[in-house]
Amino acid sequence: MSLADIKADLTALVQEKSCGPILIRLSWHDAGVYSSGALTGGCPNAAMRFASAGEGGFGANAGLPDVAVGLLKPIADKYVESGVISHADLWALAANVAIEVMGGPAIPTRFGRKDAASADESVESQMGRLPDGDKGVDHLREIFHPKGFTDRDIVALSGAHTVGRCHANRSGFDGAWTEAPLKFDNSYFTEMLAKEYADETTAKGCPQKKHAATGTIMLISDLALLESPFKAIVEEYAKDQEAFFKDFTSAWVKLQENGCTDLRETL
């Protein structure tokens, strides 16, 4: 049971189930609770697998404890239960495999994340730790700067919205950001700049922006990136996909490793 075996099984899962976007979201929400500002603590520890309480019960994580963790269960049963890898490392690796399978950059994964033993090892709340889609620039900075991210990092990480879609029964928002939601490229930025979006309220009462001809959407937090100084970075990434991939990789690895110590290069 090697790292190559795990990556092969994850690659097959992503290809067969077209589930890359939700695996990225799983890793992002596992790691994204970290903060070093007014709120402290949090780390990628797979606490969401305890679905009845703690992070598994956060509204922002709807769909992750059941759908995403469920998709990974056969692989977790094979490799985690035998002690080859932790759940938290598997979630990070799954996201990175998914990004590459969908055409994105090859992202290095280090290992040694420790799994939560119970929901009690969750952070206290999603508030102030995970971003809200209906808020603007000030909110993005309030969330990301205490994690050690710059404005440039915020734009790069937002580019993960180039894949996936919002589900009304999970977030309240509804629709895909791009016209090819299973292709990891810089379309999030090119489409954001090229399209005109109109105000819309979803069936769940959430405000969002929609492009009439294609049905793609942007959230308020997405279009906030068209404000200065973020817009210049959006324009750069729209013109230069490799620059986006480089900056995304750097910020994403930092996100996945925030709050961790003694990580190693091998399993």
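1. Basis of the model. This is a predicted model, in which local features need pLDDT of at least 70, side-chain atom pairs count only at pLDDT 80 or more, and totals for chains, interfaces and linings use all residues. Residues are numbered from 1 along each chain as its sequence is written, and side-chain values use heavy atoms, with hydrogens and water left out.

2. Helices H2 and H3. Helices (H or I, at least four residues) and strands (E, at least two) are DSSP runs, numbered from the N terminus. The axes of H2 (residues 20–31) and H3 (residues 64–79) cross at roughly 115° and come within 10 Å; H2 is therefore roughly perpendicular to H3. Axes here are lines fitted to C-alpha atoms, for helices over the stretch in contact, and angles run from 0 to 180 degrees between N-to-C directions. Angles of 65 to 115 degrees count as roughly perpendicular, under 35 as roughly parallel, over 145 as roughly antiparallel and the rest as oblique. The crossing of H2 past H3 is left-handed, that is, the near helix is turned anticlockwise from the far one by less than a right angle.

3. Residues between H2 and H3. From H2, the residues Ile22, Leu23, Arg25, Leu26 and His29 meet Leu64, Val67, Ala68, Val69, Leu71 and Leu72 of H3. By class, this contact of H2 with H3 comprises nine nonpolar residues, one polar and one charged. Contact means heavy atoms within 4.5 Å. Ala, Val, Leu, Ile, Met, Phe, Trp, Tyr, Cys and Pro count as nonpolar, Asp, Glu, Lys and Arg as charged, and the others, Gly among them, as polar.

4. Trp28 in H2. Trp28 belongs to helix H2. Its relative accessible area is 18%, so Trp28 is buried; the term means under 20% relative accessible area, with exposed over 50% and partly exposed in between (1.4 Å probe, protein chains only). Apart from neighbours within four places in sequence, Trp28 contacts Pro131, Phe144, Trp252 and Leu255. Trp28 and Ala160 are 132 residues apart in sequence, yet 9.9 Å apart in space, C-alpha to C-alpha.

5. His87 and Asp89 in H4. Helix H4 (residues 87–101) contains His87, and Asp89 is also placed in H4. His87 counts as buried because its relative accessibility is 15%, and Asp89 counts as buried because its value is 3%. Not counting residues up to four places away in sequence, His87 touches Ala46, Arg49, Ala76, Val80, Glu81 and Asp115. With its neighbours within four places left aside, Asp89 is in contact with Arg110, Phe111, Gly112 and Arg113. Asp89 and Arg110 lie 7.9 Å apart in space, C-alpha to C-alpha, and 21 residues apart in sequence.

6. Helix H6. Helix H6 (residues 151–158) is largely enclosed by the rest of the structure, because seven of its eight residues are buried. The buried residues are Asp151, Asp153, Ile154, Val155, Ala156, Leu157 and Ser158. These buried residues of H6 pack against helices H5 (137–144), H7 (187–194), H9 (230–239) and H10 (241–257).

7. Helices H9 and H10. The axes of H9 and H10 come within 5 Å, crossing at roughly 115°. Glu236, Tyr237 and Lys239 of H9 make the contact with Gln241, Ala243, Phe244 and Asp247 of H10. The contact of H9 with H10 has three nonpolar, one polar and three charged residues.

8. The sheet of E5, E6 and E7. An open sheet of three strands runs in the order E5-E6-E7, with antiparallel pairing. E5 and E7 are the edge strands, each pairing on one side only. Two strands pair if DSSP finds at least two bridges between them. E5 (residues 198–201) and E6 (residues 207–210) pair over four bridges, and Ala198 has Lys210 in E6 as its bridge partner. E6 and E7 (residues 217–218) pair over two bridges, with Met218 in E7 as the bridge partner of Lys209.

9. Hairpin glycines. The hairpin of E5 and E6 has five residues between the strands, and Gly205 takes a positive phi near 85° there. In the hairpin of E6 and E7, with six residues between the strands, Gly215 has a positive phi near 80°.
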